[in-house]
Amino acid sequence: MIVDPPQSAGLGLLTRNAPLHCWAWLWVIAGLITTLSAFLKVGRDRFGFIAALVPPAVWAISYLAAVISGDYSRGAWVAVWYLTSHVGVIMWAATVPEHSVPNAPRARRAEGG
């Protein structure tokens with residue numbers, strides 16, 4: 001998306017504020033935050049999930065705005081796709097309980113010593 005942005009039909013809400021290749025950086029930065037959050041301790045990855053939700057939610061809102069304004073009638077299907085395949089899956093993944101890896105057992109001391 002950065003080097004060769006796709007057609008911007010339905011993304012008028014975004015492209016009025018910045019070119020599409022600039023919006024692609026939103027995906028890159030969110031991906032980096034999400035990746036770094038994956039290495040945090042269990043329960044501290046909240047910001048990673050939030051960062052993962054932002055780009056597809058922004059895209060879905062833009063497509064819904066295009067449908068409402070009449071600029072892109074097929075945008076509703078694209079918005080539903082982003083909301084179900086991206087936002088919905090991320091929200092489901094955020095509810096899956098995590099389990100930390102137990103500490104390694106300590107070696108027993110030798111008796112009588």
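A residue is called buried when its relative accessible area is under 20%, exposed when it is over 50%, and partly exposed in between (1.4 Å probe, protein chains only). The model is a predicted one, in which local features need pLDDT of at least 70 and side-chain atom pairs count only at pLDDT 80 or more, while totals for chains, interfaces and linings use all residues. Residues are numbered from 1 along each chain as its sequence is written, and side-chain values use heavy atoms, with hydrogens and water left out.

**Overall architecture**

- The protein has four helices and zero strands; helices (H or I, at least four residues) and strands (E, at least two) are DSSP runs, numbered from the N terminus.
- The order of elements from the N terminus is α-α-α-α.
- Of the 113 residues, 22% count as buried.
- Among contacts with a separation of 6 or more, 56% are between residues 24 or more positions apart; a contact means heavy atoms within 4.5 Å.
- The protein exposes about 8500 Å², and carbon and sulfur atoms supply 64% of this area. Accessible areas come from the Shrake-Rupley method with a 1.4 Å probe, and for residues only the protein chains shown count as cover.

- Helix H2 covers residues 20–37, and its 18 residues should span 26 Å at 1.5 Å a residue; the end C-alpha atoms are 26 Å apart, which agrees. The expected span is 1.5 Å times one less than the number of residues.
- Leu 20, Ala 24, Ala 30 and Ser 37 are the buried residues named in H2. Seen down the axis of H2, the buried residues fall within an arc of 145°, so they line one face of the helix; the arc is that of the directions from the helix axis to the C-beta atoms.
- The cover over the buried residues of H2 includes H1 and helix H3 (46–69).
- On the other side of H2, Leu 32 and Leu 36 are exposed. Leu 32 has a relative accessible area of 51%, which means that it counts as exposed.
- Leu 32 also belongs to a nonpolar surface patch of about 450 Å², made together with Trp 25, Val 28, Ile 29 and Ile 33. Patches consist of residues with over 30% relative accessible area and no salt bridge, with like charges joined within 9 Å and nonpolar side chains (Val, Leu, Ile, Met, Phe, Trp, Tyr) within 5 Å. A salt bridge is a side-chain nitrogen of Lys or Arg within 4 Å of a carboxyl oxygen of Asp or Glu.

**Leu 11 and Ser 62**

- Leu 11 is in the segment before helix H1 (12–15), and it is buried because its relative accessible area is 2%.
- Not counting residues up to four places away in sequence, Leu 11 touches Leu 20, Trp 59, Ser 62 and Tyr 63.
- Leu 11 and Leu 64 are 53 residues apart in sequence, and their C-alpha atoms are 9.4 Å apart in space.
- Ser 62 lies in helix H3 and is buried, since its relative accessibility is 1%.
- With residues up to four places away again left out, Ser 62 touches Gly 10, Leu 11, Gly 12, Leu 13 and Leu 14.

**Ala 79 in helix H4**

- Ala 79 lies in helix H4 (residues 75–95) and is buried, with a relative accessible area of 0%.
- The C-alpha atoms of Ala 79 and Tyr 63 are 5.5 Å apart, and the two residues are 16 residues apart in sequence.
- Beyond residues up to four places away in sequence, Ala 79 touches Ala 60, Tyr 63 and Leu 64.
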